[in-house]
Amino acid sequence: MKRTIALITDFGLKDNYVASMKAVILARNPYLNIVDISHEITPQNILEGLYILRNCYSYFPRGTIFVVVVDPGVGSQRKIICIKTKRYLFLAPDNGILSFISDEAIKEIHEVSNKRYFMRSISNTFHGRDIFAPVAAYLSKGLKPSMLGRRLDSFKKIRIPSPKIEGKTITGSVILIDKFGNLITNVNKKLLKGTKVIQIKNRKIKKISNTYAQSEPGSLIALIGSSGTLEISMVNSNAAKALGVSTGDHIFVKRR
Amino acid sequence: MKRTIALITDFGLKDNYVASMKAVILARNPYLNIVDISHEITPQNILEGLYILRNCYSYFPRGTIFVVVVDPGVGSQRKIICIKTKRYLFLAPDNGILSFISDEAIKEIHEVSNKRYFMRSISNTFHGRDIFAPVAAYLSKGLKPSMLGRRLDSFKKIRIPSPKIEGKTITGSVILIDKFGNLITNVNKKLLKGTKVIQIKNRKIKKISNTYAQSEPGSLIALIGSSGTLEISMVNSNAAKALGVSTGDHIFVKRR
Amino acid sequence: MKRTIALITDFGLKDNYVASMKAVILARNPYLNIVDISHEITPQNILEGLYILRNCYSYFPRGTIFVVVVDPGVGSQRKIICIKTKRYLFLAPDNGILSFISDEAIKEIHEVSNKRYFMRSISNTFHGRDIFAPVAAYLSKGLKPSMLGRRLDSFKKIRIPSPKIEGKTITGSVILIDKFGNLITNVNKKLLKGTKVIQIKNRKIKKISNTYAQSEPGSLIALIGSSGTLEISMVNSNAAKALGVSTGDHIFVKRR
């Protein structure tokens, strides 16, 4: 079976960084699929990387190796870890970016420290090329994660902001703004039963639409987005710009 | 023969949308080539998507499956269609984005409605992942378009602006502005025989150059672009910015 | 062995240009890996393209074919060349962009002029699609470079700015600014022995750090970057913006 390596970084597409990683991978295993999840993560924004990875990883083929390089601590004592779940392998700095993986899904965690699978010369600033890429290539050829380093009992978790429920009011937040200006929130659709009104900035929305197409261009609507949470959109327009919303801003759901 | 799936969307490259589509495809068929045509179509700009697809599709290998997701009507009653031509398969919302395909080239049109080939759970906002991607994957494995839904006699066409010819004057328009600021027009090279002067904004160009390199940096030139139509360029510079031109602006060709 | 074709251009990712090149390649050889090095080279900036290619090419698998299309002279009398080195093939306009290849590494240089391997119809403005792409595809299938045209003794070289050493002062320059705002200079690490102070704009840095993570967020640091030269960074921030630095700006290293 042809393996997939999926890359998510904050490297952008102009510089040579992503290409260097792919070069190192293909020099070790040219018989695989490399997929770019995103290289446009805001520099060093671990939480944004986490959300974007969480939104798509489960659609990848069984056996996919996720290589996650949003790594403000590169060159420090921060560990690199390899997490094996029932379906996937994840390679990431131990900085919390994999906090979305539930403990139940995890089969093994290993430190990545065995220099045998690294580049011979390792820079202090580009472990994506010098460690992550060659290790991912060897994993794609069947290397067992246990060969990478000692087994770990746990890995670093960061708090993923979740909505606060007080009486009939849910206070959630905008966690991502997509290219269309849609506001993706952390309010799960299960929380939306009996919604009376949704408020963001000074705007109120009184129903949950099924689609963009039901409403007039320019109207502000609420709907269940493709990741299963409340989204706010402006039909054929950009809600984030029109409302002046940034990630982290609050959204309020009032229920009957 | 290894099949190609070519993607064109307005999803951008930062969010997880394109990656989710590729994940769904590879989970069903990892033995193919996926090519990104563009994910930077201006949101919901059907005509721009049409032009960019039209400019390149004919270079793709026979059997390529084009997956076109510029889809302002997602979740509405708009159909999804599969068009089979002599050389290719096209999968797109029935919103006119495939209007460039000539009736003569078409062998079959089918509605895409057979849920058997969709994701089990279908969101209202992301048919790229939930319908287009799995259907494309099955087509790449040999599924007949006739399995996707009932046969259709026609599909939605939109008017593609064409130049107006009045006496010795041709009034065309700028249909695309590329990254270099070149102004790509809809005036076919066949119309340029006997050209005396070309006018755009308040600038006049009196000859048609063969190449950029013939003229001084900074000069405004007219030439036949790579898609066979009149293009206006500023040598080693950005004509669109220098002249303040937007897509849709008129260009005038006066012939002898 | 599965071959790799690596593309570097100034075409951007919105237009159809890159897709047209990939289409032409895959129509001739679907059994290879295509890697995008970068398509975001500043339009016509040969030196920038040179630096980005130089930073990554040596990591690619043996036999990789590099297709380099930063080509302000397209359509003019400038030659297209194919350089064969011990490990790689390079296809580029003869405009100096391959000046980083040392004479010792070169095995053969050929002009690319044999129309048999071009598209049948050749535009004046898009040799990427009409010449580079089909030639690269045939090379990937084993075509000998000597079939492409007459053998050349030399190719065009441009001056790559190198640091000036006067007494205890080295005057280097910023050659690239990456997405993070890191300032990549041309001062090789070998020149940094005995460094007392580094000056850029009106800021002085008194030591060379090993990693970003050693210093407080916001501090300006100097380190050896991943391409082996002096880099200036602002920890978790953007040095280029904070200091107002552009490529070409000078950096001064004073040694003991």
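A charge is said to sit over a ring if NZ of Lys or CZ of Arg is within 6 Å of the ring centre and within 35 degrees of the ring normal. With that rule, the charged end of Lys179(B) is found over the ring of Phe180(B), 5.9 Å from its centre. Welcome to this predicted model, in which local features need pLDDT of at least 70, side-chain atom pairs count only at pLDDT 80 or more, and totals for chains, interfaces and linings use all residues. Residues are numbered from 1 along each chain as its sequence is written, chains are lettered from A in the order in which they are written, and side-chain values use heavy atoms, with hydrogens and water left out.

**Rings and charges**

- In chain A, Lys179(A) likewise has its charged end over the ring of Phe180(A), 5.9 Å from the centre.
- The whole structure holds 42 aromatic pairs over all chains, where rings of Phe, Tyr and Trp (its six-membered ring) pair if their centres lie within 6.5 Å.
- Tyr57(C) and Tyr88(C) have ring centres 6.0 Å apart and planes at 75°, so they are edge-to-face (planes over 60 degrees apart; under 30 is stacked, the rest tilted).
- Tyr88(C) is buried at 4% relative accessibility, while Tyr57(C) is partly exposed at 22% (buried is under 20% relative accessible area, exposed over 50%, partly exposed in between, with a 1.4 Å probe and protein chains only).

**Strand S14 of chain C**

- All 6 of the 6 residues of strand S14 (residues 229-234) of chain C are buried, so the strand is largely enclosed by the rest of the structure; strands are DSSP runs (E, at least two residues), numbered from the N terminus.
- Strand S13 (residues 220-224) of chain C pairs antiparallel with S14(C) over 5 bridges, pairing being at least two DSSP bridges.
- Ile221(C) has Ser233(C) as its bridge partner in S14(C).
- S13(C) and S14(C) form a hairpin with 4 residues between them, and Gly228(C) in the turn has a positive phi of about 85°.
- Strand S9 (residues 183-188) of chain C runs antiparallel to S14(C), joined by 3 bridges, and Leu183(C) stands opposite Ile232(C).
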